[in-house]
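The sequence and the model are shown first.

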Amino acid sequence: MIKINRTKLIPKLLIFLTLGLIILSFSTTVQGRGATIIRPIDDYAGEYVAFLDIVDLPGSFLAWADPDSGLCIYPHAVEWVGPFAGPIPVFNFLAWEYKVLGQCPHGGCIQETEIDEESTLISINLHVKEVPFLLFNWYVSGPYPFWYNYEPISAGTMNYNFQCKILFNTEMLNDWFEKWGRLPSIFEIIHVFPNPDFPPTPSDIPVITFMHITAEGYLTEGGEGTVKVNQVAILDLDTGDYKWPVEIIIVE
C-alpha cells in the first residue's frame, strides 16, 4: 500500500477499461483521435526524484503495506539507514542503498493513448526479476513516527509485476519528458508534484487511476520462507482518494 488515503470503490467501468488497455498494449499504432503508441519500458525509469528541480536522484521511495498481516515491503531496497538524529527525527530514505530498476532484469511496455486534445493516458506494464527487498513491521512503537524509521525485520529477493495507469496533461507530459528524458515517477506524482513550490500547477498534476502489484520471493535474512504480495489501488473519481480492495503481504 503506497501511503495515500482510501475511500469508496471506483465504478466497474474503470476495471474493464484497465483490462482492455492491457490487451491493447500489444497492438500497433492507431491513427486519429484516441491514437495509441507504444513506448519502451525504460521510459519509466523507476522511482526517480527530480530533487529541487535540479538533479535526478535514483532510488525506490515507495512501499506496500498490509495492515492485516502487519507487514510492509520495500522493493529495490538493499540496506536500511536509520533516521537523522535530532529533536525531530527525519526519515533518511536518500541514504538507503538500492538496486534500482535499471540494475534488475526487467521488461514490458508502456502504452500511450490520446484521450482528448489536452489529456493522455499512460499505461505501464512492468515485469522485474531479482529484486532485493526489505520487510518491516507495520506495528511499531517508539520515538519515531513511522514504521520505516525502524530497522527491518527481514530481507529477501523477489520478482514482481506492476501495472499502473496515469492520466496526464499532454503539454505537461511533453515538457517533462523533454527535460528529464523519462516519465515522472510514482513517487513524484504522489509526494512531489502536489507541493505548491514545485513547477506543475494543480491542473497539470498527473492522476494515478489504477495500480496493481503482484510479487513472489523468498527471505534471505531474518528467517526462512516465501513471500507473496498482491495489492490493488483504484481511484475514486468523485473524491480523489483510493480504495484498496486487495492488500496482501504474507510470509509462508
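Glu188 and Arg182 form a salt bridge in which the closest N and O atoms are 2.9 Å apart. Glu188 and Arg182 are both buried. The coordinates come from a predicted model.

**Salt bridges**

The whole structure holds four salt bridges. Among them are two that involve Arg39: a bridge to Asp43, at 3.1 Å from N to O, and a bridge to Glu112, at 2.5 Å from N to O. Arg39 lies in strand β1 (residues 36-40) and Glu112 in strand β8 (residues 106-114), so this pair ties together parts that are 73 residues apart in sequence. Arg39, Asp43 and Glu112 are linked in a network of salt bridges.

The relative accessibility of Arg39 is 13%, which is under 20%, so Arg39 counts as buried. Glu112, at 14% relative accessibility, counts as buried too.

| Salt bridge | N to O distance |
|---|---|
| Asp43 and Arg39 | 3.1 Å |
| Arg39 and Glu112 | 2.5 Å |
| Glu188 and Arg182 | 2.9 Å |

**Aromatic pairs**

A pair of aromatic rings is described by the distance of the centres and the angle of the planes. The count of aromatic pairs in this model comes to twelve. In one of them, the ring centres of Trp64 and Phe162 are 6.2 Å apart and the planes stand at 70°, so the pair is edge-to-face. Trp64 belongs to strand β4 (residues 64-66) and Phe162 to strand β10 (residues 154-169), so the pair ties together parts that are 98 residues apart in sequence. Both Trp64 and Phe162 are buried.

Trp96 and Phe136 also form an aromatic pair, and this one is stacked, with 5.9 Å from centre to centre and 15° between the planes. Trp96 sits in the loop between β6 (77-79) and β7 (97-98), while Phe136 is in strand β9 (residues 119-137); the pair links distant parts of the chain, 40 residues apart. Trp96 counts as buried at 4% relative accessibility, and Phe136 is buried with a relative accessible area of 1%. Trp96 and Phe136 belong to one aromatic cluster that also takes in Tyr74, Tyr98, Phe146, Trp147 and Tyr148.

**Individual positions**

Ser119 is placed in strand β9 and is buried, with a relative accessible area of 18%. What is Ser119 in contact with, leaving aside its neighbours within four places in sequence? The contacts of Ser119 are Thr113, Glu114, Leu167, Phe168 and Thr170.

Most residues other than glycine have a negative phi. His76 has a positive phi, near 75°. His76 is found in the loop between β5 (71-75) and β6, and is buried, with a relative accessible area of 5%. Glu130 likewise has a positive phi, near 55°. Glu130 is in strand β9 and counts as partly exposed, at 46% relative accessibility.

Ala63 lies in the loop between β3 and β4 and counts as buried, at 4% relative accessibility. The C-alpha atoms of Ala63 and Ala77 are separated by 9.8 Å, and the two residues are 14 apart along the chain.

**Surface**

Phe51, Ile54 and Val55 make a nonpolar surface patch of about 290 Å². With a relative accessible area of 66%, over the 50% cut-off, Ile54 is exposed.

**The chain as a whole**

The protein has three helices and 13 strands. Of its 252 residues, 47% count as buried. Among contacts between residues at least 6 apart in sequence, 66% join residues at least 24 apart. The protein exposes about 12600 Å², of which carbon and sulfur atoms supply 58%.

How values were computed. Residues numbered from 1 in each chain as written. Predicted model: local features only at pLDDT ≥ 70, side-chain atom pairs only at ≥ 80, totals over all residues. Heavy atoms only, no water. Patch = residues over 30% accessible without salt bridge, like charges linked within 9 Å, V, L, I, M, F, W, Y side chains within 5 Å. Areas by Shrake-Rupley, 256 points an atom, 1.4 Å probe, with all protein chains shown as cover. Salt bridge = Lys/Arg side-chain N within 4 Å of Asp/Glu carboxyl O. Buried < 20%, exposed > 50% of the residue type's maximum accessible area, 1.4 Å probe, protein only. Phe/Tyr/Trp six-rings, centres within 6.5 Å; stacked < 30°, edge-to-face > 60°. Helix = DSSP H or I, 4+ residues; strand = E, 2+ residues; numbered from the N terminus. Contact = heavy atoms within 4.5 Å.
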